[in-house]
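This report is meant for someone meeting the structure for the first time.

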Amino acid sequence: MYDDLRNRVAIITGAGSGIGRACALRLSQEGCRLVLNDIDAISLEATRALLLAPDLAVGLVADIGAPETADGLSALALESFGELHIWVNNAALVRWGPVADCRNDDWDAVFRVTLDGAFFGIRSAISAMRRNQDPDRGCIINIASGAALAGEEGLGAYGAAKAALVNLTRTTAVEHAKEGIRCNVILPGPIATPGMLAAATQAAGRDRQRDLFPGVIPGQLHQRRQPERGRRGLRPDQLPPLQPDCCWMKSSSTWYRYWQSSVVMVGWQGSMRPWRMTRSALG
């Protein structure tokens with residue numbers, strides 16, 4: 001438990017499923033008040049119903065790729081709870097396929113949600129966090145991807161958007177450290193979120209899904225097979241380091257880490273054992 005997270009106000013985008021839902025559940029356990037966002041109203045309400053304290057959460061069903069959505073989330077946080085301390089840019093869009101076959105509208109759609117949405121969120125978060133009187137005014141967490149660090153077949157647009165998000169994190173951190181606003185990034189390996197599963201299945205059928213996510217039975221996200229050595233892919237709730245990293249980075253105990261890259265890569269090196277690599281841009 002992180003006592004300094006109790007009563008903090010957090011915004012989470014893409015909270016209707018996958019990593020966003022996992023973060024919402026964990027932050028609710030830590031005593032945070034939440035503003036949840038997703039484009040799917042049913043999924044968003046399902047997440048809210050699973051929270052430890054659903055009465056301490058409000059939601060906004062909207063497209064994070066639209067500039068007004070981020071401002072609406074900030075306004076909702078201030079109206080509902082009077083302050084904002086944490087912003088999690090988790091929403092993303094996957095379009096699977098080789099770079100040579102990537103259509104203009106697919107490229108634009110991926111960047112609109114994955115990168116533009118995060119940019120709008122960062123901008124709105126900083127504006128709201130500047131109101132806080134504490135020296136530690138707030139923390140922005142960007143969820144990137146291992147695809148930002150190395151080429152992954154079929155994920156050209158997605159990987160490029162996530163790589164840009166990593167660098168946007170660095171720049172944001174350097175520019176706003178003096179204001180007491182932290183900006184961090186987490187890069188998980190392949191996670192069997194509904195969005196990633198749907199994209200893999202649509203692009204290459206069930207065989208591609210089985211190859212990337214051997215621990216998941218196709219069509220049954222909450223059932224799993226025993227992972228095979230040398231293969232990869234987990235569900236959001238099967239990656240223990242991710243949720244604690246999210247909480248730890250939001251905690252005021254990390255005020256000195258203005259840019260932190262926490263790389264959680266599962267199974268990429270021939271085993272299912274997670275490994276992490278961290279470094280601080282400020283030493």
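## Overall make-up and helix packing

Read from the N terminus on, the elements of the protein chain follow the order β-α-β-α-β-α-β-α-β-α-β-α-α-β, and the secondary structure comes to seven helices and seven strands. The model shown here is a predicted one. Of the 283 residues in the protein chain, 54% are buried. Among the contacts between residues at least 6 apart in sequence, 65% join residues at least 24 apart.

| Helix pair | Angle between axes | Distance between axes |
|---|---|---|
| Helix 4 (residues 104-129) and helix 5 (residues 156-176) | about 15° | 9 Å |
| Helix 3 (residues 67-81) and helix 4 | roughly 30° | within 8 Å |

Helix 4 passes helix 5 in a right-handed crossing. On the side of helix 4, the contact is made by Trp107, Val110, Phe111, Thr114, Leu115, Ala118, Phe119, Ile122 and Ile126, while the residues of helix 5 that take part include Tyr158, Lys162, Leu165, Leu168, Thr172 and His176. Sorted by class, this contact has 15 nonpolar, four polar and one charged residues.

An α-helix has 3.6 residues a turn, so residues three or four places apart point the same way.

Helix 5 can also be considered by itself. Its 21 residues, at 1.5 Å a residue, should span 30 Å, and this agrees with its end C-alpha atoms, which are 30 Å apart. The buried residues of helix 5 are Ala157, Tyr158, Gly159, Ala161, Lys162, Leu165, Val166, Thr169, Thr172, Ala173 and His176. Among them, Tyr158, Lys162, Leu165, Thr172 and His176 are buried and also belong to the contact with helix 4.

The crossing of helix 3 and helix 4 is right-handed. Here Pro67, Ala70, Asp71 and Ser74 of helix 3 meet Phe120, Gly121, Ser124, Ala125 and Ala128 of helix 4. The residues of this contact divide into five nonpolar, three polar and one charged.

Notes. Residues numbered from 1 in each chain as written. Predicted model: local features only at pLDDT ≥ 70, side-chain atom pairs only at ≥ 80, totals over all residues. Heavy atoms only, no water. Axes fitted to C-alpha atoms, helices over the stretch in contact; angles between N-to-C directions. Helix = DSSP H or I, 4+ residues; strand = E, 2+ residues; numbered from the N terminus. Left-handed = near helix turned anticlockwise from the far one by under 90°. Contact = heavy atoms within 4.5 Å. Nonpolar A, V, L, I, M, F, W, Y, C, P; charged D, E, K, R; others polar. Expected span 1.5 Å × (residues − 1). Buried < 20%, exposed > 50% of the residue type's maximum accessible area, 1.4 Å probe, protein only.
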